[in-house]
Amino acid sequence: MKRLLLFIICSVIANGSYAQGDTLTLIRVNKQRHFKHQVPAGNYSGITRIGKDEYAVVSDKSPKDGYYVFRITIDSIKGYVYDVQTICFRGVNDINRDAEGIVYLPQTNTLLISGEADNQILEYQLDGNRTIRKVELPSILRTASRNEGLESLAYNEQTHEIWTCAESTLPEDSAQATYSNGIKNNIRLFSFDENLQPKSQYLYQMDAPKIHKKAYIFAHGVSELLALDNGSLLVLEREFYVPKKKIGSYVINRIYQVFPHHVLQDGNQVPMLDKVLLTEWKTKLNLLSRKIANYEGMCLGPKLVDGSQVIILVSDSQNQYGGVLKDWFKTIVVK
């Protein structure tokens with residue numbers, strides 16, 4: 001805890017922190033949709049674009065190590081998800097590594113997949129076989145809790161950077177947020193170059209949990225990152241609350257934009273990032289609504305006819321748990 005406080009106190013923020021023109025403008029938040037007869041029940045936790053309308057998607061409980069290929073059709077005017085079709089699964093007979101994040105590297109025509117079970121980021125060919133390469137992670141990431149490990153993975157072709165983070169606060173930094181302690185998670189964001197070597201790290205502070213009553217299940221952490229062309233990142237914060245009777249469950253999702261390259265590095269200190277809220281929404285499970293959605297995957301989609309950018313999100317239904325949860329897809333449109 002003392003070390004984390006020292007990091008925060010010693011953070012040096014560049015004047016202005018970020019240029020106003022770097023911030024995204026939210027154009028539209030589209031309603032979520034599910035495709036019961038086209039998408040098999042899954043635990044979808046990461047997504048990346050690999051072609052015009054083809055996307056690689058990982059499920060953290062798929063029967064084998066690998067990924068699904070989905071064809072996702074986006075409306076070219078409003079940017080909503082028009083259709084989703086499952087094309088195939090590509091993988092090997094190894095056990096699933098609890099795959100959580102996936103990105104496509106066009107320069108090598110390969111994929112990186114993060115696994116929460118082994119806390120590694122390994123490289124895969126498009127046929128689903130592994131290469132011999134892996135991301136060289138800092139040793140502190142190996143201390144991540146079993147269920148709060150490498151949840152997120154991002155890559156941007158323009159900046160040539162890979163990004164990841166643990167879902168929750170690392171044990172070396174401080175305690176993790178719970179429904180009862182009211183503290184804020186402090187997340188280390190790590191960047192890597194295209195040779196899969198470490199570059200930099202930053203501290204990101206989540207909002208405090210909104211819930212202050214006993215939970216049967218409670219998850220509060222960063223569930224995904226998205227790297228943008230201007231060097232900024234989108235950070236998806238997720239607060240998932242489930243009471244013992246299940247009715248009354250909810251998920252609060254918030255997407256913030258941060259600007260790592262507008263922050264001055266100061267020797268070995270880890271600077272704290274400012275953040276700007278892009279959008280927030282809440283899904284619920286109650287007597288009137290069964291639209292609760294635990295979003296864990298996020299990637300860039302196509303650009304629309306007006307030049308705005310679609311961001312695609314996919315949820316983890318826990319294999320359509322109890323016949324109630326659904327595999328939701330959602331888009332937001334930004335400029």
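**Close-up views of a predicted model**

View 1. Glu-237 is buried, having a relative accessible area of 1%, where buried stands for under 20% relative accessible area, exposed for over 50% and partly exposed for the range in between (1.4 Å probe, protein chains only). The structure is a predicted model, in which local features need pLDDT of at least 70 and side-chain atom pairs count only at pLDDT 80 or more, while totals for chains, interfaces and linings use all residues. Residues are numbered from 1 along each chain as its sequence is written, and side-chain values use heavy atoms, with hydrogens and water left out. The side chain of Glu-237 meets that of Lys-275 in a salt bridge (2.8 Å, N to O), a term that requires a side-chain nitrogen of Lys or Arg within 4 Å of a carboxyl oxygen of Asp or Glu. Glu-237 lies in strand 17 and Lys-275 in the loop between strand 19 (263-264) and strand 20 (276-285), so the pair ties together parts that are 38 residues apart in sequence; strands (E, at least two residues) are DSSP runs, numbered from the N terminus. Lys-275 is partly exposed at 25% relative accessible area, and both residues belong to a network of salt bridges that also links Asp-207, Lys-210, Arg-254 and Glu-280.

**View 2. The salt bridge between Arg-71 and Asp-53.** The closest N and O atoms of this pair are 3.8 Å apart. Arg-71 counts as partly exposed at 34% relative accessibility, and Asp-53 counts as partly exposed at 27%.

**View 3. The largest nonpolar core.** Of the 19 residues in this core, Ile-47, Phe-70, Ile-72, Val-84, Ile-312 and Phe-329 touch the most other members; a nonpolar core is a set of buried Ala, Val, Leu, Ile, Met, Phe, Trp, Tyr and Cys residues joined through side-chain atoms within 4.5 Å. The largest share of the core, 4 residues, comes from strand 6.

View 4. Strand 21 (residues 295-303) is mostly covered, with 7 of its 9 residues buried, and 6 bridges join it to the antiparallel strand 22 (residues 309-315), strands being paired if DSSP finds at least two bridges between them. Cys-299 has Ile-312 of strand 22 as its bridge partner. The two strands form a hairpin with 5 residues between them, and Gly-307 in the turn has a positive phi of about 90°.
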